[in-house]
Amino acid sequence: MRARPLRFVLFVVFAVVLQGPAKAETGDVETTWRLLDYIAVDYAGAVAHGHVSSPSEYAEQNEFAATVAEKLRGLPAKPEKGVILGEADRLKRAIADKAEPEQVAEIAHRLAAALLAAYPVPLAPAKAPDLARGSASFGQNCATCHGQAGDGHGPEAAKLDTPPIAFTAADRARQRSIFGLYQVITQGLDGTAMATFGGLPADERWALAFYAGQFAFPEADAAEGERLWKQDISLHRFLPDLKALVRTTPAALAARIGQGKADAVMAYLRRHPEAVAQQDGSLSLVRARLTESIDAVRAGDRKRAGELALSAYLDGFEPIEPALIASDRTLMERIEGLMGEYRAAVQGETADALSKRVQVLDGMLDDAQAALSPDATSALSTFLGAATILLREGLEALLIVVAMIAFLCKAERMEVMPYVHAGWIGALLAGFLTWVVATWMIGISGASRELTEGFGSVFAAVVLLSVGIWMHGKAQADQWQRYIRERMSRALSGGSAWFLFALAFVVVYREVFETILFYAALWHQGNGGAILAGALSACIALTVMAWAMLRYSSRLPIGKFFIYSSWLMAVLTVVLAGKGISALQEAGIVGISPLHAVPRLSLVGFFPTVQTVAAQIVMIAVLSFGFALNRQKRR
């Protein structure tokens, strides 16, 4: 669930056309980031209390800062580039003014983070590195200079003009991330005997970086770190995945949880990165994004805070929604509603008020994690979830398609029936292709899902609005007979037949698309037999309902048929309008203005926001006007 098909195609095209420049840009970004990391760590050895303590080191720091600014100016134009260049000038001035090391390190780290946000490069290994491989590589490639214990006293160390780094130095290690070590291993260090090891496989370089990064943190700390990591789930929000682990310095983590805890957690995770790789990355991503959004509010960047809050939902929570619906739909709806309220609050509330909202969400996310655990999933709950999902998603489409078929039977226009059948059958085939693409080719992002549901629902609502009013106007038998004589042959020819095809396709594909994502999430939880049994039961139930509705509608007098059908269309219009606007809100297309006193009834498309309620009121008003106009015409 990660990329839209059109974007994927465009990405492939541009990757082929621009491969050379892209590689050059990536190299410049990596080099610049490495220089910033070096400045943040080594400036303290050049300046102390406003005075130069090492002229050669200080000259090097000025040179590196100038190189950073030069390389940043050469990067492609982006909206963020002006701010980045301003930060680079600020770094140069701070070094020229002999600012305190803490201030220079803060500027360098902030600039490095902004650089990677604007010009992303590969930041993490694809899987947890093999530390045994890292140990062997360190002994073969690094120990002669850095020493087998990483203390900088290897056999060749005395022969070098620039002493090798002592990885055991805790103060330096707290300022350096695994990514910084990986960059130095990959590119080497200019002006020193540190050569590039870019010829090693990427997996081995990552393993080497993790192994070198553990020397400053004793094994005893790792035992305490393991206890903290397993018992305090709140720590996971700070390091939700390998990307966060390799980018976060122990000093940055210490600013959030304290130095003792940070050292212990880093001692454990740098020895056992698989602990991060195995955790529930999706919910951890939600927590991380929410925390980052609060930080952005504190920094005065509410636009960025809003983007992070939206990412928390689309990239973190939305992918696990299907599985959570099957386990605890009420909990899912409460979390979804609170996250919507949080996105609205980001634009006006203080950081402290937002923190209180996040605390409430944290508790619910813990409940969600418990609900999604393998121990909480039984064959019975999986069966009920699979059956309920298909019944729920299929009922709306079934009502609309059956109404279309019954209408054509009443009108005795069987030659148009193939268009309707082609529409819903084509939607099923398109759904199957969607499943194939999502499983083996590309992912489907949360935004793609919400946009598909949102625009599909709005389209269907608008169509059903006109159809409902039209059917209500033909409820009188004499009016229907007159319509048959005068206009029926023209109304259901050519474009109208294709219109019926489009309506059948859209309403069915919308539900098939949703069901595929729900079932994919359930399948990953196991109990495949229960899922298939639930799906089969729901299909049988839908088939029986379709047969009963067609049989009953065929016996209805024409006037009654149109009255009942028009009211069915009217109800579905209001329901789909609410669901469509709600989905567009979740995709970030439509704003959110909460209505706290209004209940949430998602089954009928009723959501506690101004926008969804307003859309439904508009639909009701138009339907009322249309029905009143029909009654006036009859009189």
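**Which helix is Ala-430 found in?** Ala-430 is found in helix α21, which covers residues 417-440. Helices here are DSSP runs of H or I with at least four residues, strands are runs of E with at least two, and both are numbered from the N terminus. Ala-430 touches Phe-505 and Tyr-509, leaving out residues up to four places away in sequence; contact means heavy atoms within 4.5 Å. Ala-430 and Val-512 sit 82 residues apart in sequence, yet their C-alpha atoms are 8.8 Å apart in space.

A quick note before the other views: this is a predicted model, where local features need pLDDT of at least 70, side-chain atom pairs count only at pLDDT 80 or more, and totals for chains, interfaces and linings use all residues. Residues are numbered from 1 along each chain as its sequence is written, and side-chain values use heavy atoms, with hydrogens and water left out.

**The whole protein, to get your bearings.** The protein has 28 helices and 2 strands. Of its 635 residues, 49% count as buried; buried means under 20% relative accessible area, exposed means over 50%, and partly exposed is in between (1.4 Å probe, protein chains only). Take the contacts with a separation of 6 or more: residues 24 or more positions apart account for 74% of them.

Look along residues 131-141 and you'll find Leu-131, Gly-134, Ser-137 and Phe-138 buried. They sit on the same side of α6 because they cover an arc of only 115° around the axis, the arc being that of the directions from the helix axis to the C-beta atoms. Over on the other side of α6, Ala-132, Ala-136 and Gln-140 are exposed. What do the buried residues of α6 pack against? Their partners are α7 (143-146), α10 (202-212) and α14 (259-271).

Ser-137 is buried, with a relative accessible area of 1%. Setting aside residues up to four places away in sequence, Ser-137 touches Cys-142, Leu-200, Glu-204 and Leu-208. At the start of α6, a side-chain oxygen of Asp-130 comes to within 3.1 Å of the backbone nitrogen of Ala-132.

**A salt bridge joins Glu-204 and Arg-133.** The two side chains meet at 3.6 Å, N to O. Glu-204 lies in helix α10 and Arg-133 in helix α6, so this pair ties together parts that are 71 residues apart in sequence. A salt bridge here is a side-chain nitrogen of Lys or Arg within 4 Å of a carboxyl oxygen of Asp or Glu, and by this rule the count comes to 17. Is Glu-204 buried or exposed? Glu-204 is buried at 13% relative accessible area, while Arg-133 is partly exposed at 34%.

**Arg-174 has a salt bridge with Asp-263.** The closest N and O atoms of Asp-263 and Arg-174 are 2.8 Å apart. The pair links distant parts of the chain, with Asp-263 in helix α14 and Arg-174 in helix α8 (residues 170-174), 89 residues apart. Asp-263 counts as buried, at 8% relative accessibility. The side chain of Arg-174 also makes a polar contact with the side chain of Asp-171, at 3.2 Å. A polar contact is a pair of N or O atoms within 3.5 Å; within protein, one must be able to donate a hydrogen and the other to accept it, and residues adjacent in sequence count only if both atoms are side-chain atoms. Leaving aside neighbours within four places in sequence, Arg-174 is in contact with Thr-249, Pro-250, Ala-251, Gln-259 and Asp-263.

**Asp-352 and Arg-298 pair up in a salt bridge.** Their side chains meet at 3.7 Å, N to O. Asp-352 is in helix α19 (residues 351-372) and Arg-298 in helix α16 (residues 281-298), 54 residues apart. Asp-352 is exposed, with a relative accessible area of 52%, and Arg-298 is exposed with a value of 52%. Elsewhere, salt bridges that share partners join Glu-87, Arg-90, Glu-106 and Arg-110 into one network.
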